[in-house]
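Please read it with the structure open beside the text.

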Amino acid sequence: DLFNNLLPKKKSTSTGRSKVTPREQDYMKFLKQVGFPTSRAGFSILAAALLLYERSEKARTNMVTGLYPLLAKRFQLSSKNTERAITRLLNAGRDCLETQKKLKDALSLPQNIEEDYFTCKRFLKIVTERIIYNKRA
């Protein structure tokens with residue numbers, strides 16, 4: 001099953017918190033460093049989305065039938081609520097000038113670039129490409 005191979009279900013620890021994969025932790029660290037609010041519901045969903053986007057052709061090809069249903073299954077939400085949580089988090093980042101600047105710096109984007117990189121697919125593509133490139137360098 002694609003879902004279980006790429007993104008295993010979270011396992012609860014003795015404290016009731018869920019474990020995440022090391023790669024997901026990398027994405028969470030990046031999102032936190034650039035200023036995305038960790039308290040938002042979409043934060044962990046976005047980190048998982050980045051991981052799936054990186055590893056799954058199906059998730060890259062079609063967000064509606066590939067990415068969102070896989071995330072919805074993992075987080076026990078509907079696909080629509082999964083999409084909404086990610087969109088709201090990205091909108092919060094777009095609306096914060098400090099987050100915009102940090103993100104542009106971290107991704108080596110020109111400061112005068114348009115805000116279209118905050119659309120979900122564009123954001124996932126840019127971030128995964130830059131993080132994978134930086135890991136190899």
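1. Contact in this note means heavy atoms within 4.5 Å, and helices (H or I, at least four residues) and strands (E, at least two) are DSSP runs, numbered from the N terminus. This is a predicted model, in which local features need pLDDT of at least 70 and side-chain atom pairs count only at pLDDT 80 or more, while totals for chains, interfaces and linings use all residues. Residues are numbered from 1 along each chain as its sequence is written, and side-chain values use heavy atoms, with hydrogens and water left out.

2. In the pairing of helix 5 with helix 6, Tyr 68, Pro 69, Leu 71 and Ala 72 of helix 5 meet Ser 79, Thr 82, Glu 83 and Ile 86 of helix 6. The residues of this contact divide into five nonpolar, two polar and one charged, where Ala, Val, Leu, Ile, Met, Phe, Trp, Tyr, Cys and Pro count as nonpolar, Asp, Glu, Lys and Arg as charged, and the others, Gly among them, as polar.

3. The axes of helix 5 and helix 6 come within 8 Å and cross at roughly 100°; axes are lines fitted to C-alpha atoms, for helices over the stretch in contact, with angles running from 0 to 180 degrees between N-to-C directions. The two helices, helix 5 and helix 6, are therefore roughly perpendicular to each other, a term that covers 65 to 115 degrees.

4. Gln 76 lies in the loop between helix 5 and helix 6, and its phi is near 55°, a positive value in a residue other than glycine. Most residues other than glycine have a negative phi. Gln 76 counts as exposed because its relative accessibility is 73%, the classes being buried under 20% relative accessible area, exposed over 50% and partly exposed in between (1.4 Å probe, protein chains only).

5. The structure holds zero disulfides, a disulfide being a pair of cysteine sulfur atoms within 2.5 Å. Cys 96 is partly exposed, with a relative accessible area of 29%, whereas Cys 120 is buried, at 11%.

Technical notes:
Parallel < 35°, antiparallel > 145°, perpendicular 65-115°, else oblique.
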